[in-house]
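Q: I'm new to reading protein models, and I'd like a close look at one part: the aromatic side chains. Could you walk me through their surroundings step by step?

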Amino acid sequence: MRDPTEGPLVAALRRGEPAAFEVVYGRYRARVYAFLRRLCRRGDVADDLFQETWLRLARHAPRLRSDTDLRAWLFTVARNLWVSHRRWADPRALGQVAMAAVDELPSPEGPADDRVEAALRVARVERALASLPGGSREVLLLVGVEGFGQDEAAAILGVSHEALRQRLGRARRQLASALERNDPTEAIA
Amino acid sequence: MNGSEPPPPELAALRELQVEEPPALVRERVRRRALAALASSSSRGPGQRLLARFAMPSALAATVVVYLAWAFTAAGALYRR
């Protein structure tokens, strides 16, 4: 759902006001970056796509529609840039780097001490998410992490509501299964 | 899944993931470049935007059409000789 404070922000962006850009950048940069980082699984690619996403906003600002939902707009652009990148990049190289990225994530094994329990849980989820195919990751990131509604997520991904529902169901099953595989309590038992 | 139901456990687990700020260097570089792009895009008046969006592509298309018409005419004239 669109933030009600965004109307004046969009109007100011259309006039090219730097202060409006600073507000939007401050509000969404971390979320967009985290989304791209988890989607790409590569820091260098995420950095490039992050930059291109914000440059697109800056270049497109005078032509933004007054009812633009900036958050959805930014995630749509970021996701489309990732899709284009994936189409042109060598899939074998991407696969190798992606597997290396999964290996670099913190392992869920370790002392089940209270101080680190939450961190381990998060690392376990990150690891499970990173092991999923791109199509499943993107839908889980939009709905599960970013909290987009199913209609908004369907619009961002350019698919029908029904297709989104099916993709989300499949992605949830894959995530649950990946989490089970990474469950340290099962490994101990 | 609706608003009143708690999210399934695997989706609830995703909500715990941290938001990650870009590295400071990237953050500042992107900010600077985007502000420059914003200044440049908003300094173009509506006339310039119309020119870039419609007039230039139309001129290019017209040039291609004129060239193709000339090429076909010339080829036809050579063939008839």
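**Aromatic rings and their neighbours**

A: In this predicted model, both A:Phe21 and A:Tyr25 are buried. You can find the two of them in helix 2 of chain A, which covers residues 18-40. They are four residues apart there, so about one helical turn separates them.

Now look at their side chains. A pair of aromatic rings is described by two things, the distance of the centres and the angle of the planes. Over all chains, nine aromatic pairs are counted. In the pair formed by A:Phe21 and A:Tyr25, the ring centres are 5.7 Å apart and the planes lie at 20°. Planes under 30 degrees apart count as stacked, so this pair is stacked.

For a contrast, turn to A:Phe75 and A:Phe148. Their ring centres are 5.3 Å apart, with the planes at 75°. Angles over 60 degrees count as edge-to-face, so that is the label for this pair. Where do these two rings come from in the chain? A:Phe75 belongs to helix 4 (residues 70-88) of chain A, while A:Phe148 sits in the loop between helix 7 (134-145) and helix 8 (150-157). The pair therefore ties together parts that are 73 residues apart in sequence. Buried means under 20% relative accessible area, so A:Phe75 counts as buried at 1%, and A:Phe148 is buried with 3%.

Charged side chains join the picture too. The charged end of A:Arg71 sits over the ring of A:Phe148, 3.9 Å from the ring centre. Back at A:Tyr25, the charged end of A:Arg29 sits over the ring, 5.5 Å from its centre.

A:Tyr25 also belongs to a cluster. Ring pairs link A:Phe21, A:Tyr25, A:Tyr33, A:Phe50 and A:Trp54 into this group. One of these residues, A:Tyr33, leads us to the neighbouring chain. Chain A and chain B bury about 3200 Å² between them, and carbon and sulfur atoms make up 67% of that area. Of the area that chain A buries against chain B, 16% is supplied by A:Tyr33, A:Gln51 and A:Arg172, more than by any other three residues.

Leaving aside residues up to four places away in sequence, A:Gln51 touches B:Arg29, B:Val30 and B:Arg33.

Those are a few of the contacts across the interface. Altogether, 41 residues of chain A are in contact with 29 residues of chain B. Three salt bridges are counted between the two chains. In one salt bridge, the side chains of B:Arg31 and A:Glu22 meet at 2.9 Å, N to O.

Finally, step back to see chain A as a whole. The chain has ten helices and zero strands. Of its 189 residues, 49% count as buried. Among the contacts in chain A with a separation of 6 or more, 64% come from residues 24 or more positions apart. The accessible surface of chain A comes to about 9300 Å², and 52% of this belongs to carbon and sulfur atoms.

Note on methods. Residues numbered from 1 in each chain as written. Chains lettered and ligands numbered in written order. Predicted model: local features only at pLDDT ≥ 70, side-chain atom pairs only at ≥ 80, totals over all residues. Heavy atoms only, no water. Phe/Tyr/Trp six-rings, centres within 6.5 Å; stacked < 30°, edge-to-face > 60°. Helix = DSSP H or I, 4+ residues; strand = E, 2+ residues; numbered from the N terminus. Buried < 20%, exposed > 50% of the residue type's maximum accessible area, 1.4 Å probe, protein only. Lys NZ or Arg CZ within 6 Å of the ring centre and 35° of its normal. Contact = heavy atoms within 4.5 Å. Areas by Shrake-Rupley, 256 points an atom, 1.4 Å probe, with all protein chains shown as cover. Buried area = accessible area lost by both parts, 1.4 Å probe. Salt bridge = Lys/Arg side-chain N within 4 Å of Asp/Glu carboxyl O.
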